[in-house]
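I opened this entry to look up what surrounds the ligand. My notes follow the display.

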Amino acid sequence: MNPVNADLHCHSTASDGTLAPAQVVRRAHANGVDLLALTDHDELLGLAEAADAARDVGLRFVPGVEVSVSWLDQTVHVVGLNIDPSHPALVAGLHQVREGRDGRAGQIAAELDRIGIHGALEGALRYAGNPALVSRAHFARYLVEIGIARNVHDVFLHYLARGKPGYVEHVWATLDEAVGWIRGAGGVAVIAHPGRYRLGHVEMDLLFERFRDLGGEGVEVCCGAHDGGQVLAFSRVARKYGLLASRASDFHGPEDSPVDLGRAPPLPPDLTPVWTRLQ
Ligand code: AMP
Ligand code: MN
Ligand code: MN
Ligand code: MN
């Protein structure tokens with residue numbers, strides 16, 4: 001076990017998590033986490049409540065965000081740690097990304113409507129704790145509710161993943177913008193769950209080279225999405241590019257997430273943890 005039980009990526013009802021920010025903090029504390037970052041998708045709304053709750057229970061809290069980025073033909077997520085949630089360029093940039101999300105939500109609903117699934121936007125909004133942040137996860141929960149699929153995983157498999165009838169291509173922030181906003185707000189930029197991206201070796205190298213050149217500093221090595229082979233592969237990436245290593249559950253809720261808060265595997269001991277930059 002790492003001496004620090006750090007969990008530097010998770011979600012609340014400010015985006016597509018199912019627990020309120022204060023509930024996330026209390027669950028993390030109960031699970032033995034002693035350094036927590038809340039990193040909602042494209043949104044800073046939950047940070048004040050989480051920080052208050054963390055103060056109450058005596059848990060070290062890092063304000064964070066997970067920015068949606070378009071890179072080549074993929075969506076890549078960049079986590080920002082220790083950002084100043086009032087920084088104007090970050091606030092404005094995320095506002096723009098959320099507006100893009102609004103438009104996409106309408107398009108997703110229209111695509112689902114075409115295949116006979118009606119009222120999906122209203123349905124998704126009922127699951128969205130924050131109407132300014134509609135995620136595919138909210139659509140997925142509604143589609144499970146109305147019996148379209150057995151579980152959220154199957155909804156993604158058959159309806160919401162690329163190439164499926166409810167998928168809409170979308171242009172998110174650029175990598176340059178996301179890293180720029182995070183660094184401008186005094187934060188540390190980290191590539192989230194790289195094992196999830198369908199990028200070949202050449203494209204993956206291009207991503208990490210560009211990310212480093214922009215001043216990106218970290219990569220999630222141990223996270224909810226990675227199997228043992230991916231932990232080894234992205235440990236090598238961290239060494240190759242001199243990146244700090246992060247550990248993260250990417251927790252979305254007790255019923256939604258395979259890995260609970262604070263339960264990602266420990267980092268390989270030779271890597272430098274990203275939390276050494278957060279002291
Ligand atoms: P969005 O950012 O709106 O495109 O939604 C992405 C979110 O959907 C992710 O952050 C996850 O919460 C969820 N998600 C994506 N793929 C899957 C999947 N295969 N199974 C379950 N949830 C998924
Ligand atoms: Mn999510
Ligand atoms: Mn993500
Ligand atoms: Mn996430």
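I count a polar contact as a pair of N or O atoms within 3.5 Å. I am reading a predicted model, where local features need pLDDT of at least 70, side-chain atom pairs count only at pLDDT 80 or more, and totals for chains, interfaces and linings use all residues. Residues are numbered from 1 along each chain as its sequence is written, ligands are numbered from 1 in the order in which they are written, and side-chain values use heavy atoms, without hydrogens and water.

I looked up polar contacts first. Arg104 has a polar side-chain atom 2.5 Å from an oxygen atom of ligand 1. For Arg136 the corresponding distance is 2.8 Å, and for an N or O atom in the side chain of His41 it is 2.9 Å.

Next I listed the shell, taking a residue as near if one of its heavy atoms lies within 4 Å. Ligand 1 has around it Asp16, His41, Arg101, Arg104, Ser135, Arg136, Ala137, Val152, Phe156 and His252.

I then noted the domains, whose bounds come from an automatic or database assignment. Domain 1 (6–94 + 171–277) and domain 2 (98–160) each give at least three residues to this shell.

Note on methods. A polar contact is a pair of N or O atoms within 3.5 Å; within protein, one must be able to donate a hydrogen and the other to accept it, and residues adjacent in sequence count only if both atoms are side-chain atoms.
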